[in-house]
Amino acid sequence: MASFDVLVFGSCIVDFISYVPRLPKIGETLHGTKFATGNGGKGANQCVAAARLGSRTAMIGKLGEDPWGIAYRKTLASEGVNVDQVYIVPGESTGIAQINVADNGDNQIVIVTGANRRLEPSDVERHAEIFGQARILVCQLETPIEGTIAALKAFKGISIVNAAPAERNLPRSLLSIASIFCVNETEAALLTDMTTVSDVQQAKVALYKLRDMGCKTIIITLGEKGAVFAEEQDHHSKVYHVLPVKVEKVVDTTGAGDAFIGALAHFLAKHPDELLANCVAAANHVAAWSVQRPGTQSSFPRFGDVPIPTNLATLGNQWYCI
C-alpha cells in the first residue's frame, strides 16, 4: 500500500491580493477595494486541494528564511500535508505573487519565485525513497524544469504535469515523460503557437498539436466551457468534451486551475480503476465550487463540501466524444 496518495514536487508562494473594480490598463493606477494575503504557489495549492478532499499528501518544496516561509510550512502541516521534505533555505526569500482580482472574477498575477528556484535534481536524489511511496505525482513550471524532469523520471506511477506558467519550446522530455499533460486555454495557445484556444473545437486542434509534440494523455481546461481531453491509449485520437458545471456567480477565479489539478490527482488516486472522463468531471465540480469563493487555498473545498457521488461512474452523462 502506498504511503501517500498524492506527492507534489513544486512551488510554495505567498499571495498578496488586491481586489479592484476592474483590471488596470498599462500605466494606470486604480483604487482597490480590499487587500488580503494568503498562501499560494501552484504546487502547494494543488497539494492542499488534494489534502482537503481526503488524500494522504506529501510536498517537496523550498521556502525562504523569513517569517513568511516559517509560517507557510506550519500552515501546510496544519492542512494534513507531510512537510518533512519542505525546507527553509538560508539566505533566500519566500516566493511571492502579486495578484489583482477584478469584480467579475478575472485576475492578473506576477510571481517572484525566490526559494522555489532552488528546487533541483539533487532534491529528487535526496528523496528517492518517497517517489516509490506515492500513487500520483504532480509537477508544475514554477520551479526549475531540470528538477521537474528529474522528478518525473524518478516516478513510476501516474504523473501529472500542469504546464503553468506556460513557456514556449518546452523540452520534449518534459512533454513526453508525463502520464498526463494539463494546460488551460491560454497555455495551450502559447505552447502550440495558435492565435487562440477559446472554444471546444480550437481545443481539439490544440490537443492534436500537443500529441504531435510528444504528449501522452492531454487535458485542456476551458473554464466556463468545461474541459477537453484525449488519452494516450486511444489510437484513433478520440477527443472528449467534459461539460462545464453551472455556476451562479463567479467571485474569484484565482486558484481554480489548481483546485482542478489537485482534485484530479485525488480522484485518480482514490479511484484507480475509474474512467479518466469521470475523474475530470468530478474535478470540474471542485473547481466550480472554488470560483464561487474568494481567495486561493481558502476557496478550496473540504471533503463533503461538494456533492460528488461516491460512484464516479454516475458522472458518465457529463462528457461525450467530439
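Modeller: What follows sets a few labels against their cut-offs, in a predicted model.

Colleague: Why is Asp258 called buried?

Modeller: Buried means under 20% relative accessible area. Asp258 has 4%, so the label applies.

Colleague: What does Asp258 touch, beyond its neighbours within four places in sequence?

Modeller: Contact means heavy atoms within 4.5 Å. With those neighbours left aside, Asp258 is in contact with Lys42, Asn45, Gln46, Ala49, Asn162 and Phe300.

Colleague: What makes the pair of Asp258 and Asn45 a polar contact?

Modeller: The cut-off for the N or O atoms is 3.5 Å. The two side chains are paired at 2.8 Å.

Colleague: Where is Asp258 found?

Modeller: In helix α8. The helix covers residues 256-270.

Colleague: How do you know that the span of α8 agrees with what a helix should give?

Modeller: Its 15 residues, at 1.5 Å a residue, should span 21 Å. The end C-alpha atoms are 21 Å apart, so the two values agree.

Colleague: Why is α8 called largely enclosed?

Modeller: Because 13 of its 15 residues are buried. The rest of the structure encloses most of the helix.

Colleague: Now Glu224. Is it buried or exposed, and why?

Modeller: Exposed means over 50%. Glu224 has 70% relative accessibility, so it counts as exposed. Glu224 lies in the loop between β11 (217-221) and β12 (227-230).

Colleague: Which annotation covers both Glu224 and Asp258?

Modeller: "Binding site", from an unreviewed UniProt entry.

Notes
Residues are numbered from 1 along each chain as its sequence is written. This is a predicted model: local features need pLDDT of at least 70, side-chain atom pairs count only at pLDDT 80 or more; totals for chains, interfaces and linings use all residues. Side-chain values use heavy atoms; hydrogens and water are left out. Helices (H or I, at least four residues) and strands (E, at least two) are DSSP runs, numbered from the N terminus. The expected span of a helix is 1.5 Å times one less than its number of residues. Buried means under 20% relative accessible area, exposed over 50%, partly exposed in between (1.4 Å probe, protein chains only). UniProt positions are given in the numbering used here, feature names are shortened, and annotations may be inferred rather than shown by experiment. A polar contact is a pair of N or O atoms within 3.5 Å; within protein, one must be able to donate a hydrogen and the other to accept it, and residues adjacent in sequence count only if both atoms are side-chain atoms.
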